[in-house]
Amino acid sequence: MAEVEGGCELFSAGHRACGGCGPALAARLLLKATGKNVIIAAATGCMEVFSTPYPETAWGVPWIHSLFENPAAVASGIEASLKRQGRTEKVVCIGGDGSTLDIGVLCISGAFERGHDITYICYDNEAYMNTGIQRSGATPYGASTTTSPAGSCSLGNPRPKKDMPAILAAHGAPYVATASIAYPNDFVQKVERAINTPGPCYIQVHTPCCTGWGFESGETLNMAKLAIETGLWVNYEMVDGRVEKAKKVSRKPVEEYLQKQKRFRHLFKPARRDDVIAQIQGIADANAERFGIDIKRKESSE
Amino acid sequence: MLEFMEGSHAVAEIVKRCRPQVIAAYPITPQTHIVEDLAQMVANCEIDAEYITVESEFSALSACLGASAAGSRVYSATTSQGLALMFEVCFNAAGMRQPIVMTIANRSLGAPLSIWNDQQDSISLRDSGWLQFYAEDNQETADLHMIAYKVCEDHDILLPAFVCFDGFILTHTFEPVALPTQEEVDAYLPAFNPYQRLDAENPLSFGMYATPEYYMEFRYEVDQAMQRAKQAFVKAGREFGEQFGRDYSALVEGYRLENADIALVAMGSICGTVKDAIDEMRENGRKVGLLKIRAYRPFPAREIADALKGVSTVAVLDKNISLGNGGAVGTEVKSALYGSGISVYDYIIALGGRDVRKKDIAAVVDLAEKGKGDMFYGLRTEVL
Ligand SMILES: Cc1ncc(C[n+]2csc(CCOP(=O)(O)OP(=O)(O)O)c2C)c(N)n1
Ligand code: SF4
């Protein structure tokens, strides 16, 4: 972890995020990892809005926000400029899942294909929260959002999460990783590795949003942990396109995670939708299979 | 020394001498020759810049914005559909006060698809906070780039600028152009000195979010900078004249306006044709002159009113149409002359590359004399 002067946080408290905001914790951890010698290019979204209401800013490092969909292009220009000037700051983008997986894909794809020396962090809270909880390409299957609401003929979001890490690995990114705020040291180490790897690197960090998902604000870290324990979120690294080091777990049934969140409430009330819960369990099982995360137990399974 | 060269090449040569440190551009007709020439100059180490081969115009301007904020002089060029794709970034770059210079090789906007010239593209961005300068020929195009950098980077201004020149009519035309040497350009245009930059030594937040308590003041300040840009342009244009002998201190420039009854008002390459037509009409005893608008933003309303004081009729040639309300330049000239008693007529002309000949200019003057205007000129009624 880079040293933070006088114990002072580079991402300061007093910003306007909801209590228990997962993305706010990710921002704090991010700057612990980068230290001061960094320039941040941010996307429009909750994090930008809660951290920089003019004339206040939570960012103790140089920070720029231009638009919702262009941080990767802005960062490309910053990186080129620093190179010309012989400067050493690391260039890091940060955007939500909507910015990253949906509207910003063109800019990200271009920046990664060109091989800029940047690190892109996507904080994944699984919907457009800033505009009032609309679905994104990262919204999980079955989640109710304001644009994928559950209804008499809808089970919520009809599609599984888009596999952005694989898309960027396919661009030839030397280092791609997923992380979770439930494992802060792991996230910090991954950021350190990414910023010290030449070329474009990507980290998608799972950041539960109490407001958008519908859980108590004290439960954020538990929710992040449950996502991993059920296999619905997998922490792994991809080096030169090959998966390495996926975090192993003794999996719990997905139901334990789903039933704690309002966005999945329609799967339990008024009637239990075992069929949909089973489909979501199937997604977790497929994740476990793909990444080999199951801890094989000697004793027979329960 | 005059050299015979293509307009696009003249732009690339002058941009090279302005020493941009980061170039980001995406090819589009008729801008392509500029960015190809610059790429070759970078490939030959004739120019010490990073050239970012972006995947779209949207990213071209976004990358310029980032590089500018990080402290580099930047350059881009585009036109038409490319500029339309940059719309959001244009407003953003101006609001963030980044002194970006971008060449616009003016071209019409689809639909229908057309690669030919009019000025709809840049005019559609008139409210974006970019300075807009229009060139009549390739010499002026080249010269305006140096002036644009000087004005934009002035710490009292800090706004981006379009240098507009007509697609094909100028971009692909060979004309004699005097290119200053590197030493001469360096003497005119000092190295980029950013007012503020992204820097770990002095962390600042750029592009924050403003509540209703602050937003209007930001916009007011951009407008104030626009107003100040008039004086900054006059000064930079005069200094240019002192050094190079070509004076650009005028935001609007009259041609044979002395004792004119009728004045044409136009921007860009059409002014050359208009001047020739005026010479002929003058020979036939008609009292006609031209007012060429060089700076469209900031809009020189007072200068226009002063220059046109003596005329009774004004005919504005608009290579654009604000659909539903006539031409953009005509509308603004009318507003500049409001209360003067001068009759102002607007002519939508030469859209999508329709050729304009001297006889068309004479025909417009005839129409204005008869009090007929606010119309499309030269419609082929047989295909309607
Ligand atoms: C071009 C454009 N389209 C739409 C918006 C409106 N908008 C602002 S933030 C946002 C959603 C952000 O979602 P995400 O990236 O997931 O970040 P979050 O708010 O969840 O942190 C949207 C749709 C915008 N600012 N710009
Ligand atoms: S809505 Fe969610 S992401 Fe946005 S500030 Fe609140 S908790 Fe954080």
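1. The structure under discussion is a predicted model.

2. Four cysteines, Cys18(A), Cys21(A), Cys46(A) and Cys209(A), belong to the shell. Ala17(A), Pro23(A) and Phe50(A) also surround ligand 2, together with Asn125(A) and Thr211(A).

3. The shell around ligand 1 has another composition: seven nonpolar, eight polar and three charged residues. Ligand 1 is surrounded by 18 residues, of which the closest are Gly98(A), Ser99(A), Tyr123(A), Met129(A) and Asn130(A). Because the surrounding residues come from chains A and B, the site is shared between chains. The element that gives the most to this shell is helix α4 of chain A, residues 97-103, with four residues.

4. Backbone atoms make polar contacts with ligand 1. A polar backbone atom of Gly98(A) is 2.8 Å from an oxygen atom of the ligand. For Ser99(A), a backbone N or O atom lies 2.9 Å from a ligand 1 oxygen, and for Cys46(A) the corresponding distance is 3.0 Å. Ligand 1 taken alone exposes 590 Å², and the protein buries 79% of that. Cys46(A) is also among the residues that surround ligand 2.

5. Helix α5 of chain A spans residues 105-114, and its buried residues are Cys107(A), Ile108(A), Gly110(A), Ala111(A), Phe112(A) and Arg114(A). The helix is followed by Gly115(A), which has a positive phi near 80 degrees.

6. Arg114(A) forms a salt bridge with Glu55(B), at 2.8 Å from N to O. Arg114(A) lies in helix α5 of chain A and Glu55(B) in the loop between β3 (50-52) and α3 (57-69) of chain B, so this pair joins two chains. Glu55(B) is likewise buried, with a relative accessible area of 18%.

7. In one, Arg290(A) pairs with Asp163(A), the closest N and O atoms being 3.0 Å apart. Arg290(A) lies in helix α11 and Asp163(A) in the loop between β6 (154-155) and α6 (164-169), so the pair ties together parts that are 127 residues apart in sequence. Both partners are partly exposed, Arg290(A) at 45% relative accessibility and Asp163(A) at 28%.

8. In the other, the side chains of Arg251(A) and Asp285(A) meet at 2.7 Å, N to O. Asp285(A) lies in helix α11 and Arg251(A) in the loop between β10 and α10, so parts 34 residues apart in sequence are tied together. Arg251(A) is partly exposed, with a relative accessible area of 22%, as is Asp285(A), with 34%.

9. Over all chains the count comes to 49 salt bridges. In chain B, a network of salt bridges links Glu136(B), Glu140(B), Glu253(B), Lys275(B), Lys292(B) and Arg294(B).

10. Lys269(A) and Pro270(A) are joined by one, with omega about 0 degrees; Pro270(A) is in the loop between α10 (255-258) and α11 (274-291) of chain A. Arg297(B) and Pro298(B) are joined by another, with omega about -5 degrees, and Pro298(B) lies in the loop between β13 (295-297) and α11 (301-307) of chain B.

11. Positive phi values also occur outside glycine. Asp240(A) has a phi of about 50 degrees and lies in the loop between β9 (237-239) and β10 (242-244) of chain A. Asp240(A) is exposed, with a relative accessible area of 54%. Phi of Asp374(B) is near 50 degrees, and this residue is in the loop between α13 (358-369) and β16 (375-376) of chain B. Asp374(B) is partly exposed, at 48%.

12. A nonpolar surface patch is formed by Tyr54(A), Tyr214(B) and Phe218(B), with about 240 Å² of accessible area together. Tyr54(A) lies in the loop between α2 (46-51) and β2 (63-65) of chain A, and its relative accessible area of 30% makes it partly exposed.

Terms used. Residues numbered from 1 in each chain as written. Chains lettered and ligands numbered in written order. Predicted model: local features only at pLDDT ≥ 70, side-chain atom pairs only at ≥ 80, totals over all residues. Heavy atoms only, no water. Patch = residues over 30% accessible without salt bridge, like charges linked within 9 Å, V, L, I, M, F, W, Y side chains within 5 Å. Areas by Shrake-Rupley, 256 points an atom, 1.4 Å probe, with all protein chains shown as cover. Salt bridge = Lys/Arg side-chain N within 4 Å of Asp/Glu carboxyl O. Buried < 20%, exposed > 50% of the residue type's maximum accessible area, 1.4 Å probe, protein only. Near = heavy atom within 4 Å. Polar contact = N/O pair within 3.5 Å; in protein donor to acceptor, adjacent residues only side chain to side chain. Nonpolar A, V, L, I, M, F, W, Y, C, P; charged D, E, K, R; others polar.
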